[in-house]
Amino acid sequence: MAPDVFHVAPGDVVVDTALLDAGDGDEILVGWVGLGGSGAGSERTARMRTVWRDGVFAEKALCAKETVVKLAGAENYPDLARLSFLPWLCLAAAGLHAAGPLAGRDVAVLGATGQLGGAAVLTALAEGAATVTAVGRNAAALDRLAALGPRVRTHRLTGDRTRDAAGIGPVDVALDALGATLTADATMAAYDSLRGRGTLVLIGGVRQELAIPYGDLMHRRLTLRGSWMADDATVTTVWNLIRAGLLDLSVLEPLTVGLDDPAAALDLAERTTGLDFVALVP
């Protein structure tokens, strides 16, 4: 049976979450990977990818209607290239929301000097965090985040778990947006930095096993959460924060590349980080 086709009217602005869920733990990131219940892929996800194989590095793409979210009123946004940062913002917001309301709470973001971490800093500020501690290794990027306002603290990772925990916390929420790391020390430093009843949320690319101390987790009543991608409601929430002026995209620096040369966009993106990002434009 041919898949349903979802038509978007000319002039509409949408976000394609790329996450297509077939139920029973089988889902794919359209144009990227197929994930089974274990995250390793399956025969079913392979069939899904055969049908839905178009990513969005093109002027026209066939998208499952379940992955498309319309941004009401976005056609009037003055700089559409900046809205291409929404996927980062939505992934970050989904992770932050896993820890509950942020208003008045102290939040730390590991990997804050990357695009996902930078998005998390912006989102936490927009949602009323009392303080946001930006944690990373790039000193220049940390300085740029600190310039966002007095609620932003920074900590440059040292590699020493005890020192890093003291520099990060105490916080109520720690969001791990780190990429691939040689050890889990930074993530565990974030765990150590939590106040009682705090929450550590994992949304990044760390590929290390975490040795969570059972008794400490229990007695301090801590919560460990995982967050993967973002749902439609999160996309709408982030867009409403932008519409309301609470999430200011003017601090971003979009680098635009034409659709005729997506390879150049990928090359540039590999060399771009933090609040700079690459946008493919017509």
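Helix 3 passes helix 4 in a right-handed crossing. The two helices pack at an angle of about 65 degrees, and their axes are 8 Å apart. On the helix 3 side the contact is made by W88, L89, L91, A92, A93 and L96, and on the helix 4 side by Q115, L116, A119, A120, L122, T123 and A124. All of this is read from a predicted model.

Is helix 4 buried or exposed in the structure? Of its 12 residues, 12 are buried, so helix 4 is largely enclosed by the rest of the structure. The buried residues include Q115, G117, G118, V121, L125 and A126. Just after helix 4 comes G128, which takes a positive phi of about 90 degrees.

Helix 3 also meets helix 9. The axes of helix 3 and helix 9 come within 9 Å and cross at roughly 110 degrees. That angle makes helix 3 roughly perpendicular to helix 9. The crossing of this pair is right-handed. Helix 3 makes the contact with L86, L89, C90, A93, A94 and H97, while helix 9 contributes T234, V235, T237, V238 and I242.

Helix 9 covers residues 232-243, which is 12 residues, and spans 17 Å from its first C-alpha to its last, close to the 16 Å expected at 1.5 Å a residue. Which residues of helix 9 are buried? They are T234, V235, V238, W239, L241 and I242. These residues cover an arc of only 155 degrees around the axis, which puts them on the same side of helix 9. The spacing of such residues follows from helix geometry: an α-helix has 3.6 residues a turn, so residues three or four places apart point the same way. The face of helix 9 turned away from the buried side carries the exposed residues A233 and R243.

What covers the buried residues of helix 9? The cover includes strand 1 (14-16) and strand 5 (68-70), together with helix 2 (80-83), helix 3 (86-97) and helix 4 (115-126). After helix 9 comes G245, whose phi is positive, near 80 degrees.

A further helix pair is formed by helix 6 and helix 7. Their axes come within 8 Å and cross at roughly 50 degrees. That makes helix 6 oblique to helix 7. Their crossing is right-handed. The residues in contact are R161, D164, A165 and I168 of helix 6 and D185, M188, A189, A190 and D192 of helix 7.

Most residues other than glycine have a negative phi, and most peptide bonds are trans. The peptide bond from G169 to P170, however, is cis, with omega near 5 degrees. P170 is found in the loop between helix 6 (161-168) and strand 9 (171-176).

R197 is not a glycine, yet its phi is positive, near 65 degrees. This residue is found in strand 10 (residues 194-202), and at 60% relative accessibility it counts as exposed. M229 likewise has a positive phi, of about 60 degrees, although it is not a glycine. M229 lies in the loop between strand 11 (223-226) and helix 9. With a relative accessible area of 17%, M229 is buried.

The last stop is A279, found in strand 13 (residues 276-281). At 1% relative accessibility, A279 counts as buried. Which residues does A279 touch, not counting residues up to four places away in sequence? They are A81, S84, L255, T256 and V257. A279 and G39 are 240 residues apart in sequence and 28 Å apart in space, C-alpha to C-alpha.

How values were computed:
Residues numbered from 1 in each chain as written. Predicted model: local features only at pLDDT ≥ 70, side-chain atom pairs only at ≥ 80, totals over all residues. Heavy atoms only, no water. Helix = DSSP H or I, 4+ residues; strand = E, 2+ residues; numbered from the N terminus. Expected span 1.5 Å × (residues − 1). Buried < 20%, exposed > 50% of the residue type's maximum accessible area, 1.4 Å probe, protein only. Arc of directions from axis to C-beta. Contact = heavy atoms within 4.5 Å. Axes fitted to C-alpha atoms, helices over the stretch in contact; angles between N-to-C directions. Parallel < 35°, antiparallel > 145°, perpendicular 65-115°, else oblique. Left-handed = near helix turned anticlockwise from the far one by under 90°.
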